[in-house]
4 protein chains.
Amino acid sequence: MPMKKILVITGIRSEYFILRPVLLALQSSKQFKIKLAVSGAHLSSWHGNTLEMIKKDGLPIADKIDSLFMTNRETQRPKGIAALLYGLSQCVERENPDFLLVLGDREEAIATALVGNYMNVLTAHIAGGDPVYGNADDPVRFAVSKLAHIHFTIAKQHSENLKKIGEEPFRIFWTGNPAIDSIRKVKNMEWDKVQKHLNWGIKKKNYIVLIKHPLSSEKEEVYSQMKITISAITSFAQRNRLKIIGIYPNTDPGSYDILKAIEEANAPEIIRFYKTLPHEIFVNIMRNALALTGNSSMGILEAPFYCLPVVNIGKRQGGRISAGNVIFVEHNEKQITRALKRACFDQGFRQQIKKARNFYGDGRASERIINALSSIDPKDKKWLVKRKLV
Amino acid sequence: MPMKKILVITGIRSEYFILRPVLLALQSSKQFKIKLAVSGAHLSSWHGNTLEMIKKDGLPIADKIDSLFMTNRETQRPKGIAALLYGLSQCVERENPDFLLVLGDREEAIATALVGNYMNVLTAHIAGGDPVYGNADDPVRFAVSKLAHIHFTIAKQHSENLKKIGEEPFRIFWTGNPAIDSIRKVKNMEWDKVQKHLNWGIKKKNYIVLIKHPLSSEKEEVYSQMKITISAITSFAQRNRLKIIGIYPNTDPGSYDILKAIEEANAPEIIRFYKTLPHEIFVNIMRNALALTGNSSMGILEAPFYCLPVVNIGKRQGGRISAGNVIFVEHNEKQITRALKRACFDQGFRQQIKKARNFYGDGRASERIINALSSIDPKDKKWLVKRKLV
Amino acid sequence: MPMKKILVITGIRSEYFILRPVLLALQSSKQFKIKLAVSGAHLSSWHGNTLEMIKKDGLPIADKIDSLFMTNRETQRPKGIAALLYGLSQCVERENPDFLLVLGDREEAIATALVGNYMNVLTAHIAGGDPVYGNADDPVRFAVSKLAHIHFTIAKQHSENLKKIGEEPFRIFWTGNPAIDSIRKVKNMEWDKVQKHLNWGIKKKNYIVLIKHPLSSEKEEVYSQMKITISAITSFAQRNRLKIIGIYPNTDPGSYDILKAIEEANAPEIIRFYKTLPHEIFVNIMRNALALTGNSSMGILEAPFYCLPVVNIGKRQGGRISAGNVIFVEHNEKQITRALKRACFDQGFRQQIKKARNFYGDGRASERIINALSSIDPKDKKWLVKRKLV
Amino acid sequence: MPMKKILVITGIRSEYFILRPVLLALQSSKQFKIKLAVSGAHLSSWHGNTLEMIKKDGLPIADKIDSLFMTNRETQRPKGIAALLYGLSQCVERENPDFLLVLGDREEAIATALVGNYMNVLTAHIAGGDPVYGNADDPVRFAVSKLAHIHFTIAKQHSENLKKIGEEPFRIFWTGNPAIDSIRKVKNMEWDKVQKHLNWGIKKKNYIVLIKHPLSSEKEEVYSQMKITISAITSFAQRNRLKIIGIYPNTDPGSYDILKAIEEANAPEIIRFYKTLPHEIFVNIMRNALALTGNSSMGILEAPFYCLPVVNIGKRQGGRISAGNVIFVEHNEKQITRALKRACFDQGFRQQIKKARNFYGDGRASERIINALSSIDPKDKKWLVKRKLV
């Protein structure tokens, strides 16, 4: 039997880290031949140029598709999809893969689903059906699900959601979050090594991680929201002799405002920001953190696996099912402070998180995804033509 | 109260004919200021250059957005969306409208919905929720619904379908098909004038109309399917002393194959094809036709209003609710012939159609759309942020 | 020594026919590895889909770059270059060739020269330095020369022109027109075969070939100019019992107007138009024609090799050095008729052409181009950095 | 007489500062109606978002054209031209101006010249004919001249150069550098105000200005070259108790490497970098500087007007005629130091500069440009069709 060709589209560090265990498993399988189309922030030196990371992973690159316009305006994303669609169509026509594979809710996901739909290539989508709302990404995720041919969900409830919106059950595979697969595999590092990489003396369980992205529907307030966030969390850290490891935001409009607030944060002994961190370092930091804050989806999708309490600030994770580890607050210093206190020091709350149920996977998602792809015959038209849409 | 600015996106004759009564009503209203972004086939001389028609209608043009690549390959549509997204984002940023308005399931619909989503402009979509499947357009229609903020449906069942896929009820307005509004208003012309325009002597109720578009999932067979169609219908017409008025296909990949088969049709006394026809002429032709055949959505959505029997050939209208006027057949000469016979000469069938229920509107869709748009406050964030997606 | 990688960019039949002998020679050489980026009209079914021809020639295709927008408006070409630049940059980054090779004055030439300039890839350009003016292509040709690193000219005078505009002499190679190489190699076919291919009974030396393209600076008049041309030449042919073999125009804005005039030509016994013809057939038709008319550059660059008299109508070949075989006239029936009479029947004139000097090559251009490319070390920075521009 | 419509294309702070006096003069003239198409770095928050500056100048904006891809790879510029061509063609078709106006040698210049050429709009180009070589911009400048219809040169020698490359003399106007017009008009500010803006205590004639851009043909060495530069100049400043005011680089590939070296510069009491500075501040800084270093074209084109000695490091200004104020050195610490010493402290050299001849204008360029544009009838075809190209 000939190898099945899979073209994977990836655009940003955070999404790549989730995809990575699937890609490495595909790469080492004899059934599949994979190539990557790399776009967006991966190609930006301003975002850590994660292309190098992909190359180190030994994954073959089909094409580099520039799609990130250097602007903080709202035109950035639709024009970025324009570039992606043009470049990806060219790539897909040449590579002629059996499957397209993409994860999430960003520009790459919708561009891939559209190309697959119009060019008659089976499109497999990871992480559909998530009921989160409030950000421009969220409707996109559902639009992608309506276009994609194969669904790999990270939670059982998400599979149900896909059925509700009319997706045929045979297309839906509940696999869990692949991020967990690779988190599990990361070894505990000596703490010295972590500190050395950070170039910062920092103690285990003595720091909070901060990851904050802009929310499209509140773009005008992004800057002041980040100022409030930094102010609240820095004061809290100072009072409690904690430190804060911040991570740079994604590339969305408004991200420049966050970067501006980051630049203005002027307490290098309390808070430091990192453009990007190697996966192993990052996982070890998460394992030893006291809490996570900001509004990253990791708070909901991955933090339970670390038994990590989370203070989610603002509306960016509205609607998502959480394992009980997340305290939702508004951009209000008092609320943030109170929630941080509970997250960091309320032992009852912290104990309860350790027992909480994790909805998002058991570390075997890659395996399930590969089994599903193995079982699908790309020549069988039942996969290509969606004969029921509602 | 200031006028509400509406930017309408239109890409092809068939879709423009449906939108037109809405546009003319908006144009004459004092509450709204409309402009059009014109793209795709409207800008192609090969497709009748319908831009001129729009200009004659007196509608102001915001921008002309070239989006139709001259190729018969499957790259045509995703690359076309690329061009649309880039050009439309530029236009929307400058025009800064309160609403975007688009109809249907084509490139313009998805490009508009994406721009509206990422640029925070309320997007109103006409004709969502239609359960038709089989063509690349169909999943796109549902993807558009997941992105759009306001839904105007052409059938009650479609409104229900939108609720099923998680759209909030307050966003959904059942308005009916605007095409019926303008069909109703077209006056009966003297038949001589119609014949003169066609440059062909032809009698009322003595001809069949043929409109056939490619189906994305059967692109390779488009040519042979059109050959079969023309052969069957031409023989039938010859035997029964009928004539056939053919209309050129849309621009989708495979359309060139249909054009090729059209060029090879060599019976000018029986069958003639027209690139485009003025709306008034076209409506009068439909009113006086004996039957309609091919695979246009008009067979299902508009023909009931004309009480016109339809022979739908192939899978392009799968899943759509029909008023009982449509006979579905495969690309098989015998089946086509038998169905044409029934459609044209079975008086029982023809009588029954006259009494059948029309699901698709009463001619007041424009009015309802305008009332809905009047009632919506674009500053009210409830419209912009979709707080429930499933 | 490793093979030198050459990426060739081609966009239209006429240009491909000239390039072809070079490509076939490169393909069979052991020093070079070539790939083609194919764009524009090659990918259009409306223009004969010459992609198939390229495939038959066995040339490997690196990417298919859609760049032809289906419109007759002036936006067509700059927007086409936009698509070309995006797609070609992606291709060049992946292929990482030692040389880019392109011919002529069209969108592909300027896109290639820009990509080569900004991406630091040596760009070799065929046919620079031609002093022709009047069409939008002509300044482009010189812009390309200012950007390209290596020049292969088709005439000695063109080499001198390049020096005049500041190009360093070591970059300039006078090679002659590669078109002549392949014309020479085409065998004389049995005339029956030609007639069969044309599906038209036609006698040697009893027909005129008509090739007419739009002129950018007279776009508004293209239609009426073509009407005059067809009227004049058809009357002349009828009076003299000749036939006319017409060839479809290129894709430039205004080409639709020419096609419209072609469609309206209604004298199938006198004049017939062909979308595209295989090279062998075409060369045999040229060899046996009585004269060539229209405004194709072939009249000046290739007709001398056939000893063919030419009536050039309009301003499209202004400034070009001719071998004396060309009569220049305006779009004026009388002038055209008088010139055709001289071209077809003035034996003195016809004799003189046979003796005239051909400026444009001896059939060994491919050989010279390959020798030059062999001699160039792409690592030597002297080729990349143009240290003198005026 | 109706006003002449001029569409000006601008993409980056440095170029805008030169154009600005022309734009303000056009804006206040009753003969002209101007609009701006704004692109590139103007739309990037990372580059100071100079769009706001344009808005403050009261210039109407026709369209914002995103064209800057966020990458440090060589694909950035050709893909940027792609976006520019698409967006600008759309803008030009709608605005239908009598003239396009653009300055320099960057992406905007070539995109504008191509659009003007293919869309038959008269294109006026400022600063053609400059014989500088070594950077990717330089051949582009000449390509633009071959395409543009009207030339405004900043030096008499440049006008001669344009004639040499075949431009018809009637198209060439020697106007001088418009930058001088606005420099002249800037009032001397109180030094306190300058220091306040810089947020740095600094004395007149006690600092060096550093502006350094990447060179396309040496992209790989940009980082190390900038390290050497900073090291040499910082040591020199430290030894001589001087300070260094650095300005951020342009957006070209390699600029990220310069930014990286800037970030690593760790002597805030000696050297500080500014993203962008208001024009008035910048001019006052130049007036009171001890010397300028780096590789900005300002060193050659504007510094003579300030009687400012310049140390030009590397090959970026090769071929340009200088007023004798420039010392050219390689990326070599010793050479740089020696040259700085001479530039800052050799009183003979400094005196001589004050007397040197300025080739680049007298501060009346705007006036001459406007007079020329007034004198040109855009309907006269002699301007549109270049009847001589060599």
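Predicted model: local features only at pLDDT ≥ 70, side-chain atom pairs only at ≥ 80, totals over all residues.
In strand S13 of chain D, D:Ile327 stands opposite D:Val311. D:Val311 belongs to strand S12, residues 310–313 of chain D. S12(D) and S13(D), which covers residues 326–329, pair in the parallel sense over 4 bridges. S12(D) also pairs with strand S11, residues 291–294 of chain D, again in the parallel sense, here over 3 bridges. In that pairing, D:Leu292 has D:Val310 as its bridge partner.

Now look at where the side chains of this strand go. In a regular strand the side chains alternate between the two faces of the sheet. You can follow this in S12(D): D:Val310 and D:Asn312 point one way, while D:Val311 and D:Ile313 point the other way. Are these residues buried or exposed? Every one of the four is buried.

Let us move to chain C and its helix H5, residues 137–147. Why can we call this helix largely enclosed by the rest of the structure? Because 11 of its 11 residues are buried. Among them are C:Pro139, C:Val140, C:Phe142 and C:Leu147, but also C:Asp137, C:Asp138, C:Arg141 and C:Lys146. What surrounds them? Within chain C, the buried residues of H5(C) pack against helix H4 (107–119), strand S5 (122–126), strand S6 (150–153) and helix H6 (156–164). They also pack against H4 and H5 of chain D, which brings us to the place where chains C and D touch.

That contact takes 42 residues from chain D and 42 residues from chain C. On the chain D side, the elements that give two or more residues are helices H3 (76–95), H4 (107–119), H5 (137–147) and H6 (156–164). Which of the elements gives the most? H3(D) does, with 9 residues. Sorted by class, this side of chain D has 23 nonpolar, 9 polar and 10 charged residues.

Finally, turn to chains A and B. Their contact takes 42 residues from chain B and 42 residues from chain A. H3(B) provides the largest share of the chain B side, 9 residues, and that side has 23 nonpolar, 9 polar and 10 charged residues.

How do the two copies relate to each other? Two copies of a chain are related by a rotation about an axis and a shift along it. Here, a rotation of 180° with 0.0 Å of shift along its axis superposes chain B on chain A, with an RMSD of 0.0 Å. The two copies are therefore related as by a two-fold rotation axis. The same surface serves both copies, as 100% of the contact residues of chain B recur in chain A.

Key:
Residues numbered from 1 in each chain as written. Chains lettered and ligands numbered in written order. Contact = placed C-beta atoms within 7 Å. Nonpolar A, V, L, I, M, F, W, Y, C, P; charged D, E, K, R; others polar. Buried ≥ 20, exposed ≤ 12 C-beta atoms within 10 Å, placed from the backbone. Pairing = 2+ DSSP bridges. Least-squares fit on C-alpha atoms with pLDDT ≥ 70 in both.
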